[in-house]
Amino acid sequence: MGEPAILTEGLRKRFGNVVALDGVDLQAEQGTVLGLLGPNGAGKTTTVRILTTLLPPDKGRASVAGYDVVRDAESLRAAIGLAGQYAAVDENLTGFENVEMVGRLYHLGKVEARRRANEVLERFGLAQAAHRTAKTYSGGMRRRLDLGASLVGRPLVLFLDEPTSGLDPRSRIGLWDLIRELVREGTTLLLTTQYLDEADNLAHRVAVIDEGKLIAEGTPEELKARVGGEVVEIRVADRSKLSDALTAVFSLVPGGAQIDNQEAKIVLPAGENGPALTMEALRRLDAAGVPLADLALRRPTLDDVFLALTGRAAEQAEENGQAKRGRRARRRQATGDGGDAA
Amino acid sequence: MTTVAVEKTAEQSAPTRLTWVISDAWVITKRNLLQYVRIPSLLVFSTVQPVMFVLLFRYVFGGAINVPGVRYVDFLMPGIFVQTSVFGAVQTGIGLAEDLSKGLIDRFRSLPMARSAVLAGRTASDSVRNLFVILLMTGVGYLVGFRFHTGLIPAAGAILLALAFGHAFSWISASIGLAIRDVESVQAASFVWIFPLTFASAAFVPVQGMPGWLQAFAKANPVTITVNAMRSLTLAHLPVARNLVESIAWIAGLMVVFVPLAVRRYRQSV
């Protein structure tokens, strides 16, 4: 009780002329999951790096498990676990050797490090592969090994920086299950992700950051409530008709519609008025002669929230970030489950 | 339960800090050495190059190089030992750049381990590998006619000196590797400073044959000084003291400058 497990106040960091963090306040209570959501380049990784003592903040302060990131860096490191964006495993070591090494470096002692390495590998379904070099592991296995290594010190607070990026859907869901189990056991978790459905699935609270600023914070439900009730999603068959479609339906909703050019998609917040609005939208689009690829009434996803908050889709923002940083492109999954199901 | 584990760790590390410094460095050293067990070809190829140099200088160039009063092979081998050590030091920077690019340094820096361990472990494991290669080169040297003319202790001293010199160079290499960060660039950059130091020296030829301006450089070159100290230790009839003291001073000086530099680079590596 008492002090939050993670606390930041006015965190600022710049790299040359680029402002990576521009005054970020975060808070996570013990035993909860804080999802840090935002496109690439938003400042998620910088936040994690400051909280794990890899980077000093320029301004503001931050503490983890009650330890200040600058003053108590050494004690802080004993209380945390970090699994980064790239599975940080030594390919030339076996799975067991990797985890055991990290255990030794947490100063567990030889016997205990071995015991826990076996325990972790067993738990993460890597017992069979424990004595193979990590080079032979699949992407999903490496991520599990990396996550396992970050847990061997039994951290109070765990930082997972985009733990499922680049994983196939099955491995993602498998990793989600493991993460949920850890949280049930009382670990506090800060999770960064670009996948809105991931934050939706795992996080108690979500902080949305964009261009180094916190732009929204709340439970996934609260954030979705910002969009207001259900949404009508219209996907036009021909992108050139997108503006015709918008003209046709724009006046239907007082708050205005969100457009996603890339996906040739319009999202209308429907409030409690879903079915009636859907009918009316269909009528108008038909009258305007806009051929549709899809029209669905659905519950809002965090995608819609991101769109509503930033005026652009998460993926678009991600691509901007990628242009800046030259990261490997990652497609689609962020779209969530709403659109295609209907 | 988790709380207890953490408290215990914090408590232990306070009174026994030095123990952890050593133990952490050992964990990293072991990890680095395991790579040679897992990829034996890495070790094989790091020995092929020096063997080729021995053969090249012994049989191709050696006949054209005249060193008064000494058989060329006896003159050559101390040079080969130092060259092997110095070339081996390049691996320190490359290994660190590799660890950086794979995110391993991030992991290490987020752990409650000693801040010196990654660098100490890396330079130590590179020195162990150098020892292995130098012992192998001694064997190769014996096959092509090289002999220690002094005795076991001076011979061991000569090898130790080559190792210490390589170790100091490992710290230079570490500073460069952590500054440049890109594996291929580190590799390319290494030869810019390693090559002139190794070849514009008395490692393979007497400096007397060089033009005056180069002689000045070669004579001041720590490679020359160290190779000459080793020759004093292996050839019996040369005075030992002065070269040896100068060489040790160089090693100490390089360490004093580059150990803190590399450690600072490591702490700041983002």
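## Chains A and B: a quick tour

In this model, 26 residues of chain B touch 27 residues of chain A. Keep in mind that you're looking at a prediction. For the complex, the predictor reports an ipTM of 0.87 along with a pTM of 0.82.

**Where the chains meet**

- On chain B's side, the elements giving two or more residues to the contact with chain A are helix 1 (2-13), helix 2 (17-38) and helix 5 (104-109).
- The chain B residues that touch chain A split into 12 nonpolar, 7 polar and 7 charged.

- Chain B has an average pLDDT of 90, with 94% of its residues scoring at least 70.
- Among chain B's elements, helix 6 (residues 117-143) has the highest mean pLDDT, at 96, while helix 1 has the lowest, at 46.
- Chain A comes in at a mean pLDDT of 84, and 89% of its residues reach 70 or more.
- Chain A has a stretch to watch as well, residues 321-342, where the pLDDT is below 50; beyond near neighbours in sequence, that stretch has 37 contacts in the model.

**The six-stranded sheet of chain A**

- Here 6 strands line up in the order 6-7-8-3-9-10, making an open sheet with mixed pairing.
- Strand 6 (80-83) and strand 10 (213-218) of chain A sit at the edges, and each pairs on one side only.
- On average, neighbouring strands in this sheet are turned by 15° against each other, ignoring direction.
- Strand 3 (residues 33-37) of chain A runs parallel to its partner, strand 9 (residues 205-210) of chain A, and the two are joined over 4 bridges.
- If you want a spot to start looking, Leu34(A) has Arg205(A) in strand 9 as its bridge partner.

**The four-stranded sheet of chain A**

- Another open sheet has 4 strands in the order 2-1-4-5, and its pairing is antiparallel.
- Strand 2 (18-28) and strand 5 (67-68) of chain A are the edge strands; each has a single partner strand, so one side of each has no neighbour in the sheet.
- Strand 1 (residues 6-15) and strand 4 (residues 59-64) of chain A pair in the antiparallel sense over 5 bridges, and Ile6(A) has Val64(A) in strand 4 as its bridge partner.
- Helix 1 (residues 44-51) of chain A packs on this sheet and touches strand 1, strand 2 and strand 4, with its direction at about 115° to that of strand 1.

**A helix pair in chain B**

- Helix 3 (residues 40-61) and helix 4 (residues 72-101) of chain B pack at about 155°, and their axes are 10 Å apart.
- The crossing of helix 3 with helix 4 in chain B is right-handed.
- Helix 3 of chain B brings Ser46(B), Pro50(B), Phe53(B), Val54(B), Phe57(B) and Arg58(B) to the contact, and helix 4 of chain B meets them with Val73(B), Leu76(B), Ile80(B), Gln83(B), Thr84(B) and Gly88(B).
- By type, the residues in this contact between helix 3 and helix 4 of chain B are 7 nonpolar, 4 polar and 1 charged.

Technical notes: Residues numbered from 1 in each chain as written. Chains lettered and ligands numbered in written order. Predicted model: local features only at pLDDT ≥ 70, side-chain atom pairs only at ≥ 80, totals over all residues. Axes fitted to C-alpha atoms, helices over the stretch in contact; angles between N-to-C directions. Left-handed = near helix turned anticlockwise from the far one by under 90°. Contact = placed C-beta atoms within 7 Å. Nonpolar A, V, L, I, M, F, W, Y, C, P; charged D, E, K, R; others polar. Pairing = 2+ DSSP bridges. pLDDT = per-residue confidence, 0-100.
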